[in-house]
Amino acid sequence: MSTSAPKVIVIGAGILGASIAYHLSRRGAAVTLLERGRAAGGATADSFAWINASYGNAKPYFQLRLQAMQDWRRLEQELDGALRVNWCGCLSWDLSDEELDDYAQRYAAWGYEVRLVERAEIAALEPGLIDPPARAAYAAGEGTLEPVAATRALLTAAQTRGAELRLETETTGFREGPNGLAGIETRAGPLEAELVVLTAGVESAGLAGQLGLHLPLEASPGLLMHCKPAARLFERVVEAPGLHMKQELDGRIVAGESFGGGPVPNDPEAEGARLLATIKSRLRGAEALELERVSVGLRPIPEDGLPAVGFAAAGLYLAVMHSGVTLAPAIGRFAAQEILDGVRVELLEPYRPQRFSGA
Ligand SMILES: Cc1cc2nc3c(=O)[nH]c(=O)nc-3n(C[C@H](O)[C@H](O)[C@H](O)COP(=O)(O)OP(=O)(O)OC[C@H]3O[C@@H](n4cnc5c(N)ncnc54)[C@H](O)[C@@H]3O)c2cc1C
């Protein structure tokens, strides 16, 4: 794209749409961001929002995630206090002994800040744990944030740089011109653009399908229990068997049981109460914790578990992924480069949407 202020429409104001809108506006694009409901009302609102390059990934995906962690630090500087990541680190022991060893050795060799810690050190790091495990992996550079606040901070920063945010404006279709997409249709009428960015989370597959694009996407439910703010009981993200938990900077504890899969829970309130009981049995001082709410979010997960990002058709750029909270700042910066500079970012090459159509 070569004009001085290319007109770009971004569909969906979750954390990815907000980040891409921010990075495009910062580079001088004329951005209109359309959201069918409220900002950060999709998967982002219901995210655990652990920022990590943790165990279980191939090296190229690890490198993208590591880059994204560094980009969160950049964003904290750029947004000058409007956005705060809690760089609390993470203790994980929901892995087998072999996996723990492999994680500590292989990832450390890749340059990741991770090491094995034993019971005495775990107890010193987290004195609130009633029964610390014999061994855990400690990744000191990981973090977490409040995802709705972070999305709003990005949106405000985008608006400050000229982006227009239209809430309650649903995109219903696309307008095609002689050279590819020429804009979109909304319930409030058509809108023209030189480029459309699709960041509609789990709805992206249906919208892409209108253009004949195949985007196999799972909407994987994930339940989280949120406690009312409480005195600090622990510092780090904890990944234990059957319990993933963190305590936000405002004292709220957020917890889940697993990384998802499976059906939408039948009785979320009962599962939330069970998770709260689990926390109380594993954490000192937790007796008075009170349940605030239980959320069930739908993770947008491309079929192979990896991001789908890049030009999907002439005039259409797509960004759909799980771990979208971790990845948002890097995806935003790279998408702006690919869109505005006409370059291809090497780190994104494994994740092109064309892999699903065999193109
Ligand atoms: C329980 C759970 C735990 C998670 N844990 C983590 C974690 O620890 N770390 C991590 O990195 N990631 C995690 N994730 C994943 C992460 O939250 C998502 O990858 C990320 O939020 C996706 O952001 P998004 O902007 O792509 O999508 P969304 O947040 O879903 O945003 C898409 C937006 O598009 C809007 N939209 C849809 N259709 C239209 C339309 N037709 N017109 C206009 N707007 C439209 C929606 O209303 C929505 O606001 C978790 C997710 C869940 C549910």
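Predicted model: local features only at pLDDT ≥ 70, side-chain atom pairs only at ≥ 80, totals over all residues.

Colleague: Okay. How many helices and strands does the chain have?
Modeller: There are eight helices and 19 strands in the chain.

Colleague: And how compact is the chain?
Modeller: Its radius of gyration is 21 Å, close to the 21 Å that the globule rule gives for 359 residues, so the chain is as compact as a globular protein of that length. Along the principal axes, the C-alpha atoms fill a box of roughly 65 × 40 × 40 Å.

Colleague: What share of the residues is buried?
Modeller: Of the 359 residues, 53% count as buried.

Colleague: Let's move to the sheets. What is the strand order in the six-stranded one?
Modeller: That open sheet runs β8-β2-β1-β12-β19-β18, and its pairing is mixed. β8 (164-166) and β18 (308-313) each have a single partner strand, so they stand at the edges with one side left without a neighbour in the sheet. On average, neighbouring strands here are turned by 20° against each other, direction ignored.

Colleague: How do β1 and β2 pair?
Modeller: In the parallel sense: five bridges connect β1 (residues 7-11) with β2 (residues 30-34). As an example, V10 is opposite L33 in β2.

Colleague: Which helix packs on that sheet?
Modeller: Helix α1, residues 15-26, does. It touches β1, β2, β12 (195-198) and β19 (316-320), and its direction makes about 165° with that of β2.

Colleague: New topic: is β6 mostly covered or mostly exposed?
Modeller: β6 (residues 135-139) is mostly covered, with four of its five residues buried.

Colleague: Which strands are joined to β6 by bridges?
Modeller: β4 and β5 are among them. β4 (residues 90-92) runs antiparallel to β6, joined by three bridges, and C90 has A139 as its bridge partner in β6. β5 (residues 114-118) is antiparallel to β6 too, with five bridges; there, V117 is partnered with A136.

Colleague: Now the aromatic rings. How many aromatic pairs does the whole structure have?
Modeller: A search finds 10 aromatic pairs. One of them is Y55 with Y107, a tilted pair at 6.2 Å centre to centre with 35° between the planes.

Colleague: Where do Y55 and Y107 lie?
Modeller: Y55 is in the loop between β3 (50-51) and α2 (59-78), while Y107 is in helix α3 (residues 97-109), so the pair ties together parts that are 52 residues apart in sequence.

Colleague: Are those two buried or exposed?
Modeller: Y55 is partly exposed, with a relative accessible area of 25%. Y107 is buried, at 0%.

Colleague: How do the rings of F62 and Y107 sit?
Modeller: Their centres are 5.1 Å apart and their planes are at 75°, so that pair is edge-to-face. F62 is in helix α2 and Y107 in helix α3, so this pair ties together parts that are 45 residues apart in sequence. F62 is buried, with a relative accessible area of 1%.

Note on methods. Residues numbered from 1 in each chain as written. Heavy atoms only, no water. Buried < 20%, exposed > 50% of the residue type's maximum accessible area, 1.4 Å probe, protein only. Helix = DSSP H or I, 4+ residues; strand = E, 2+ residues; numbered from the N terminus. Pairing = 2+ DSSP bridges. Axes fitted to C-alpha atoms, helices over the stretch in contact; angles between N-to-C directions. Contact = heavy atoms within 4.5 Å. Rg over C-alpha atoms; globule rule 2.2 N^0.38 Å. Phe/Tyr/Trp six-rings, centres within 6.5 Å; stacked < 30°, edge-to-face > 60°.
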